[in-house]
Amino acid sequence: MRGTIAAAAVAALGFLVLNACEEGGEGPTSPGPDRPSNALIDRVEVVSEPAANGTYLDGEELVFAVLITSGEVVEATGEVFLIFDLGLASQPAALTAHEAGRLEFRYQIRRGDYDGDGVSVPEGELMFSPGAALRVGGVDIDPAVRALPADGGHRVFAHFAPGETVVFDPTLDRFPVDTLGLSGVVGCASTDDIVPIVEAVLERNAAAAASLWSVAYQLGDCAVLNENEPAIFLSATVREHRGDIYDLVLTYGSAATLTDPELAANWWTLGGFVEPTPVR
């Protein structure tokens with residue numbers, strides 16, 4: 001009888017010890033209470049700003065910040081990439097800096113890059129080269145990335161490079177000057193002049209567009225840049241009007257073509273024009 005009681009006591013003690021080990025989690029292979037089993041990616045942000053007009057040009061740098069839930073120092077080895085959407089293509093932004101709770105990824109805008117809606121990040125995971133890793137406290141970071149929606153303040157227009165001499169090809173998409181009874185490329189010295197004209201065209205209000213153009217032309221604020229006439233590309237902005245996305249491209253043309261020779265010849269024209277949905 002005593003042997004049976006002793007055996008039961010030993011078994012109960014063993015169960016309590018085992019249960020305490022499982023609940024306490026203080027064994028040599030278990031993480032401590034202040035050491036997370038893994039760190040998560042909280043969110044992704046675009047932290048760079050275009051030089052002008054809310055649109056990145058060729059050669060500018062796009063910078064993403066990836067924020068980690070843990071505030072501990074991030075240990076990085078090898079090459080790590082954040083995949084983002086630029087127009088119709090997916091591109092890799094490379095990890096270039098890391099600190100406590102933050103990773104920084106960069107991508108340099110290249111000739112031909114274009115995104116009228118603004119860059120975005122799809123839901124997915126960070127990409128690692130062979131042997132690469134990201135760790136916090138010696139434990140791998142969870143690579144899952146939440147989606148970042150498109151932002152109209154981070155659009156891309158790299159059809160031309162700043163300072164490049166360009167010639168407007170009449171076969172390319174451009175401002176539909178036929179609406180105004182003109183031939184060539186419409187240009188104005190300021191967005192304040194050209195934007196109302198463009199939006200009148202997008203609304204298919206030819207009379208309003210022609211009237212606005214006529215006033216701006218008589219004041220010497222707008223003119224026509226003849227087809228195949230060279231100009232110097234300066235900057236661009238991608239805009240939206242009632243769901244229609246269009247590009248305003250600023251170039252420097254010949255001042256002699258303006259009615260006021262003292263007015264700087266800044267030419268605003270449409271590139272990659274999006275035809276609006278026909279009104280029924």
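Student: What makes E203 count as buried, partly exposed or exposed?
Tutor: The model is a predicted one, and in it E203 has a relative accessible area of 37%. Buried means under 20% and exposed means over 50%, so E203 is partly exposed.

Student: Which class does R242 belong to, and why?
Tutor: The relative accessible area of R242 is 71%. The cut-off for exposed is over 50%, so R242 is exposed.

Student: Why is the contact of R242 with E203 called a salt bridge?
Tutor: The side chains of R242 and E203 meet at 3.4 Å, N to O. The rule asks for a side-chain nitrogen of Lys or Arg within 4 Å of a carboxyl oxygen of Asp or Glu, so the pair is a salt bridge.

Student: Why can this pair be said to tie together separate parts of the sequence?
Tutor: R242 lies in the loop between strand 18 (230–241) and strand 19 (244–252). E203 lies in the loop between helix 2 (191–202) and helix 3 (206–218), so the bridge joins parts that are 39 residues apart in sequence.

Student: Which salt bridges share partners?
Tutor: One network of salt bridges takes in E61, E99, R102, E104 and R106. R106 is in strand 7 and E61 in strand 3 (residues 61–68), 45 residues apart.

Student: How exposed are R106 and E61?
Tutor: R106 has a relative accessible area of 29%, and E61 has 39%.

Student: What makes R135 and D140 a salt bridge?
Tutor: Their side chains meet at 3.0 Å, N to O, and the limit is 4 Å, so the name applies. R135 is partly exposed at 32% relative accessibility, and D140 is partly exposed at 42%. The structure holds ten salt bridges.

Student: What is noted about the phi angle of R242?
Tutor: R242 has a positive phi of about 55 degrees although it is not a glycine. R204, also not a glycine, has a positive phi near 60 degrees. R204 lies in the loop between helix 2 and helix 3 and, at 43% relative accessibility, counts as partly exposed.

Student: Why is the pair of F84 and Y107 called edge-to-face?
Tutor: A pair of aromatic rings is described by the distance of the centres and the angle of the planes. For F84 and Y107 the centres are 5.2 Å apart and the planes stand at 75 degrees. The limits are within 6.5 Å for a pair and over 60 degrees for edge-to-face, so both parts of the name hold. F84 is in strand 5 (residues 80–86) and Y107 in strand 7 (residues 102–108), 23 residues apart. Both F84 and Y107 are buried.

Student: How many aromatic pairs are there, and which residues form a cluster?
Tutor: The count is seven aromatic pairs. One aromatic cluster is formed by Y114, F157, F160 and F233.

Student: How do you know that strand 2 and strand 14 pair?
Tutor: Strand 2 and strand 14 (residues 155–157) share two bridges in the parallel sense. At least two bridges are needed, so they pair. In strand 14, V156 is the bridge partner of Y56.

Student: What makes strand 2 and strand 8 the edges of their sheet?
Tutor: The sheet is open, with three strands in the order 2-14-8 and mixed pairing. Strand 2 (55–56) and strand 8 (114–115) each have a single partner strand, so one side of each is left without a neighbour in the sheet.

Student: Where is the confidence lowest and where is it highest?
Tutor: Confidence is lowest in helix 1 (residues 2–24), with a mean of 38, and highest in strand 5, at 98. Over residues 1–37 the pLDDT is below 50. Where pLDDT is low, the predicted coordinates should not be read in detail. For the protein, the mean pLDDT is 77, and 71% of the residues reach 70 or more.

Note on methods
Residues are numbered from 1 along each chain as its sequence is written. This is a predicted model: local features need pLDDT of at least 70, side-chain atom pairs count only at pLDDT 80 or more; totals for chains, interfaces and linings use all residues. Side-chain values use heavy atoms; hydrogens and water are left out. Rings of Phe, Tyr and Trp (its six-membered ring) pair if their centres lie within 6.5 Å; planes under 30 degrees apart count as stacked, over 60 as edge-to-face and the rest as tilted. Helices (H or I, at least four residues) and strands (E, at least two) are DSSP runs, numbered from the N terminus. Buried means under 20% relative accessible area, exposed over 50%, partly exposed in between (1.4 Å probe, protein chains only). pLDDT is the predictor's confidence in each residue, from 0 to 100. Contact means heavy atoms within 4.5 Å.
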